[in-house]
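This briefing is intended as a guided reading of one structure. Please keep the sequence and the 3D view at hand while working through the points below.

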Amino acid sequence: MARLSGVPGWVPAVALTVLALAVATVVLCSGPLGVPPADLAAAVFGRGSPEAELALALRGPRLLAALTCGAALAGAGAGFQILFRNPLASPDLLGVSSGAGLGAAVALLLGAGVFLTQTAAFIGGLAAGALAVGCAALTRGGDGRLALILCGVVAGALASAGLGLVVTIAEPYSQLPAITYWLLGSFTRATLSEAALALIPAAAGTMVLLWLGFRLDVLSLGDEQARSLGLSARPLRIIALCAAALMTSAAVAVAGVVGWIGLLAPHAARLVVGEQAGRLIPSAMATGALFAVLIDRLASAFGPAELPVGLLSAAVGAPAFLLLFVLNARRA
Amino acid sequence: MLTRRATLALGAALGLAPSACERAPAVKGDVIAAGQPAALLIWAVARERLAGWPRKPNPEQLSGLAPEAAALPELGGLAGPGRQAGLEAIAALHPRLILDYGDTDPQNVEHGERAQARLNIPWTLIDGALTRIPDAFRQAGRLLDARDRGDGLAEEADKVLTRWRAAPPGGSFYYARGGDGLETGFRGALATEVLEGAGWTNVAVGETDIGRVTLEQVVAWDPEVLVTLDEGFARMALHSEVWRRRRNGMLRRILLLPDRPFGWIDRPPSVNRLLGCAWLAAPHDGVMALAMLNRRLYGLAPAEILRPQWLA
């Protein structure tokens, strides 16, 4: 049941989005270069000092990547959790993150540049998702969700094995550090155009999930219930999974493997807006974007040498998830 | 529009304001090393220009460097292993140059060009090949306005490498890395280049550069010498029948090479490897030549230079 039953469905999502953007604005205005906000604002319109232009060029893409990836991972996580009626479902359920990691690692092993690496990650993520969905489609009858979960585990395991092989044979002085750094996640490597490019698949996946809306709620009740309400469960589920995989691949391609956002943000949003897909997905996306911006800020707070956001998201996300899980369980 | 004070107040409330350690550290040098190999090159040629360490040397390593090394901050790297520096934090130091030293493959070149475009700071990648160390000194000398020092080091490196190439061939060896000795540099690896270039034969043949092997494989390769930088492993192997016994019943020797302040053949793959070359070129020479080279590279002539030890 929704926690804010008297409030229109769009209000929590908008409020959380405004909060995420407000925090992003504060983050945009602070940093080691120490540019005054007024100068930075002038730089947005091309009239700032060279220092402000530089600060904007460095902070802007980073913030855009954090907002996009946080929202995409959280939206995908919410979609997975609704579809599978499983609070532990996350964007990596179909092996998408592992597949994207393998794609990037292979590209780095072959000497690819940043854009090719991101493309390979995107393709790797989608390939792992397609493998899981394709294998699950081979099973006729039975519980389709269970087949998907099992096939997702298989796809993830295969991708992880491949990744292990790449790490083993990578040249240790330049390739291995590059692969490790990529796998630990960072919002800093994307340029503005690359971060903006990730918006396209992330937005497309979001539109599909939002369009599915109440159908996701029905799907979460099981195939029999969906059929009794006139919905064809299997194609709808595949469409939803493809949308979530698209969002996850886009995020991992830009930022590397940043875990926990897709698991944590939907739980946090659920506390406020409840289970309904139409409310939960946008609210989870805003929460995920906020979490990603805060984590990225934390990554640069310990000196010139930064901490990988993948490590921090796990260090902060795991205890926060536990807390939210307990709170949700008590309120259920 | 947000004022700076209002922004900082809001930021502080949210824990977002720049923390003391996030603000750009006070640095004297104006050149950033992209990685530890570049830091050692800059340290040797013009240490007063080095803004900070990509990874700060540990106290043991610092004890082998000129005292000012301890005062340099850790900035993180822009290439290679270890914690990565924030691009904005680097920009806030207003360096004149970012210097990288290593493979000049297209991936590294693109990495440098990308960072240069984003930071608007010149980025120069110097070829890190062992045999091109003299060129690296000359190039670094010109870039760092220390031409005399760069040329002097290049001349010395040229002499060392000429003698190293003509060194009497050594025996077959297995390079044992890590505490258990089961990580190795395969034939042709950067890690074993110093030994192989001096005519030693690396028994470990593999497809990769560095990899793990089994003890049974090492026994099957039957090297004459175990080479290591790890004193713990050397002591363990010395008392291990399996590690020591050769297939002909003889005992194999263990060569413990110095790793302070940096490895003589490896770790990191930078100008530190010249010491290994110098020793291999004339293993029976006195310590004076090595001490002088050590002083030129690190700014300090140790009271007692660490020498390779044959444990047998």
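How much area do chain A and chain B bury between them? The two chains bury about 3900 Å² between them, and 62% of it lies on carbon and sulfur atoms. The model discussed here is a predicted one. The points below begin with the interface, turn to a helix of chain A, and then examine chain B.

**The interface between the chains**

- The contact draws 49 residues from chain A and 46 residues from chain B.
- In chain A, the residues that lose the most area to chain B are A:P32, A:Y173 and A:P304, which together account for 20% of what that side buries.
- Two salt bridges are found across the interface of chain A and chain B.
- The side chains of A:E194 and B:R114 meet in a salt bridge, with an N to O distance of 2.7 Å.
- Between chain A and chain B, 12 residue pairs are in polar contact.
- Several elements of chain A each supply at least two residues to the side that touches chain B, among them α1 (10-28), α2, α6 (144-169) and β1 (305-306).
- The largest share of that side, five residues, comes from α3(A).
- By class, the side of chain A that touches chain B has 29 nonpolar, 13 polar and seven charged residues.

**Helix α2 of chain A**

- Helix α2 of chain A spans residues 37-44, and A:P37, A:L40 and A:A43 are buried in this helix.
- After α2(A) comes A:G46, which has a positive phi, near 75°.

**Chain B as a whole**

- Chain B contains 13 helices and 11 strands.
- Of its 312 residues, 54% count as buried.
- When contacts in chain B between residues at least 6 apart in sequence are considered, 62% of them join residues at least 24 apart.

- B:T124 belongs to strand β4 (residues 123-127) of chain B.
- B:T124 has a relative accessible area of 18%, and it therefore counts as buried, the cut-off being under 20%.
- Apart from its neighbours within four places in sequence, B:T124 is in contact with B:L97, B:I98, B:L99, B:D100, B:Q139 and B:L143.
- B:L256 belongs to strand β10 (residues 253-256) of chain B.
- B:L256 is also buried, with a relative accessible area of 5%.
- Once its neighbours within four places in sequence are set aside, the residues in contact with B:L256 include B:T228, B:L229, B:A234, B:R307 and B:L311.
- B:L256 and B:P81 are 175 residues apart in sequence, and their C-alpha atoms are 25 Å apart in space.

**Salt bridges**

- Over all chains, the structure holds 23 salt bridges.
- The side chains of B:R96 and B:D30 meet at 3.9 Å, N to O, and B:R96 counts as partly exposed at 47% relative accessibility.
- B:R138 forms a salt bridge with B:D135, and their closest N and O atoms are 3.3 Å apart.
- B:R138 and B:D135 are separated by about one helical turn because they are three residues apart in helix α6 (residues 133-143) of chain B.
- Both partners are partly exposed: B:R138 has a relative accessibility of 27%, and B:D135 has a relative accessible area of 34%.
- B:R245 forms a salt bridge with B:E241, the closest N and O atoms being 2.8 Å apart.
- B:R245 is partly exposed at 36% relative accessible area, and B:E241 is partly exposed at 48%.
- Salt bridges that share partners join B:D127, B:R132, B:D135, B:R138 and B:D158 into one network.

Note on methods. Residues numbered from 1 in each chain as written. Chains lettered and ligands numbered in written order. Predicted model: local features only at pLDDT ≥ 70, side-chain atom pairs only at ≥ 80, totals over all residues. Heavy atoms only, no water. Buried < 20%, exposed > 50% of the residue type's maximum accessible area, 1.4 Å probe, protein only. Helix = DSSP H or I, 4+ residues; strand = E, 2+ residues; numbered from the N terminus. Contact = heavy atoms within 4.5 Å. Buried area = accessible area lost by both parts, 1.4 Å probe. Salt bridge = Lys/Arg side-chain N within 4 Å of Asp/Glu carboxyl O. Polar contact = N/O pair within 3.5 Å; in protein donor to acceptor, adjacent residues only side chain to side chain. Nonpolar A, V, L, I, M, F, W, Y, C, P; charged D, E, K, R; others polar.
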